[in-house]
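This briefing covers the ligand sites of the model shown below. The points are grouped by site.

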Amino acid sequence: MGRNIVIVGAQWGDEGKGKVVDWLTERAHGVVRFQGGHNAGHTLWIEGRKTILRLIPSGIMHPQVKCYIGNGVVLSPEALFNEIGELEAAGLEVRSRLFISGAAALILPYHIALDQAREARANNERIGTTGRGIGPAYEDKAARRALRVQDVFDAAHFKARLRENLDFYNFILSRYLNAAPVDEARTLDAALAYADQFAPLMANIPACLDAENRAGRHLLFEGAQGALLDVDHGTYPFVTSSHCVAGAAATGAGVGPRQLHYILGVAKAYCTRVGSGPFPSELYDANNPARCAQAGAALARTGHEFGSVTRRPRRTGWLDTAALARSLQLNSASGLCITKLDVLDAFDSIRLCTGYRLNGRRVDALPSSASLAAQCEPVYEDHPGWKTSTAGIRAWDDLPANARAYLRRIEAAAGVPIDLISTGPQRDAMILVRHPFD
Ligand code: GDP
Ligand code: IMO
Ligand code: MG
């Protein structure tokens, strides 16, 4: 049987999952997306060229690899075919090796309108969503009124269901949210026009993945977002609307949990968050003058911390191992990949948040309640910096002693071995300690 590896974000997203998936694809036959949508932005730098993937799995840059989009993804046809078009324009063959589940729920223009209108209206409770319609699309799925990819092949059914949904949502948009209604005919025509492009890509994904495994082929399951944005386990309500923990690979792709053989949690050597919500070790928020510590601004600057989807500046802070340990436990992580180590190269001193003070008491794990998490005061330990470049280093022994000591401390606090370390955005800037496929 083939071996299956799940790669998940262990923080609040943007940990560098795309780069890690691309690197691991060297040894894989297929890569699967199983949740989220085009709220994801996964950046690859290959031979000096940058590619940002939103829906297409990050294995696509390896020409022999098959890519799958599972039922757990919410899929905007417009975003998907634009992305395919961009990859094709760059000379990549995509359609012959991309397979899509008919059960994936569609993101249609009214989901985007609802997401944006709600965010515009909210004050304190603004989530800071990516405005891509993700939440409303998952709501429709749970409410059993979603239009799914396979529905584009049944025009009469699509039309009837769309009418019902728009009757409801256009009322909400215009009467309640003070926003423009969505045009029914235009939405219908645009969605059905994708049927010809969808048809050759449709596949029974659980059956495909099972056949690959039975033929001895290895698969990667590529998470989007991060465990602390999980709709159940994250800092609710400041979360996305899907499950981002490793278990979601089983439900979102249609493989049994016993088929997930190794779970890789990916975390930055520091921390970032984009959008609202608690972040105990936060140092810097471009939109909040009260949060402007110099070290945080340096992390944002050196780490180029701008959202790859929305270009919003990311909030930055020190690595929080109390949050990380909880996240790795939720994922039953087998190993950890620490990314962006090189971003810490110039610091005299580096802090690790290893717990919190909450109402005068010491707390060792990030509380799941957003209001309690927001009251947590970080407890730090200080580590000496290494003040020399680690950029592009590819062997553990070549790392400066202080960097090795910092990583060993993370490993001990997180309780999971570090199997990979990323030292730059480029594909080959990676230190291998233990290969997940071995
Ligand atoms: P993802 O959403 O988890 O795939 O991460 P993003 O692509 O949104 O954000 C990660 C950013 O960090 C991207 O700009 C990557 O090119 C970059 N990156 C990834 N790994 C490293 C690294 O080890 N060092 C540095 N300096 N940049 C990295
Ligand atoms: P990748 O896969 C970082 C955040 C948004 C917002 C919250 C809800 O690139 O790591 P949504 O649009 O999903 O309803 O927004 O989740 N968010 C992400 N943050 N990386 C992502 O994806 C994210 N996807 C959503 O900023 O706070
Ligand atoms: Mg990202």
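A polar side-chain atom of Asp14 lies 2.9 Å from an oxygen atom of ligand 1. The coordinates are those of a predicted model. Asp14 also coordinates the magnesium ion (ligand 3), and its backbone has a polar atom 2.8 Å from an oxygen atom of ligand 2.

**Ligand 1**
- On its own, ligand 1 has 580 Å² of accessible area, of which the protein covers 92%.
- The shell around ligand 1 holds 19 residues, and the closest are Lys17, Gly41, Thr43, Asp342 and Ser422.
- Helix H1 and strand E3 each supply at least two residues of that shell.
- Ligand 1 takes up the space of the second largest pocket.

**Magnesium ion (ligand 3)**
- The ion is coordinated by Asp14 through OD and by Gly41 through O, at 2.0 to 2.2 Å.
- Asp14 sits in the loop between strand E1 (4-9) and helix H1 (17-25), while Gly41 sits in the loop between strand E2 (30-33) and strand E3 (42-46), so the pair ties together parts that are 27 residues apart in sequence.
- Asp14 counts as partly exposed because its relative accessibility is 21%, and the buried class requires under 20%.
- Gly41 has a relative accessibility of 8% and therefore counts as buried.

**Ligand 2**
- Ligand 2 is surrounded by 20 residues, and the closest are Asp14, Lys17, His42, Thr130 and Thr240.
- An N or O atom in the side chain of Lys17 is 2.6 Å from an oxygen atom of ligand 2.
- Thr240 places a polar side-chain atom 2.6 Å from an oxygen atom of ligand 2.
- Taken alone, ligand 2 exposes 550 Å², and the protein buries 98% of that.
- The largest pocket is the space taken by ligand 2.

**Lys17**
- Lys17 belongs to helix H1.
- Is Lys17 buried or exposed? Its relative accessible area is 3%, so Lys17 is buried.
- From C-alpha to C-alpha, Lys17 and Arg434 are 17 Å apart in space, with a sequence separation of 417 residues.

How values were computed
Residues numbered from 1 in each chain as written. Chains lettered and ligands numbered in written order. Predicted model: local features only at pLDDT ≥ 70, side-chain atom pairs only at ≥ 80, totals over all residues. Heavy atoms only, no water. Donors = N, O, S within 2.8 Å, 3.2 Å for Na, K, Ca; no water. Helix = DSSP H or I, 4+ residues; strand = E, 2+ residues; numbered from the N terminus. Buried < 20%, exposed > 50% of the residue type's maximum accessible area, 1.4 Å probe, protein only. Near = heavy atom within 4 Å. Polar contact = N/O pair within 3.5 Å; in protein donor to acceptor, adjacent residues only side chain to side chain. Areas by Shrake-Rupley, 256 points an atom, 1.4 Å probe, with all protein chains shown as cover. 1 Å grid on protein atoms, 1.4 Å probe; cavity = no way out; pocket = protein on both sides within 12 Å on 5 of 7 lines; lining within 4 Å. Sits in = over half its atoms within 2 Å of the grid points.
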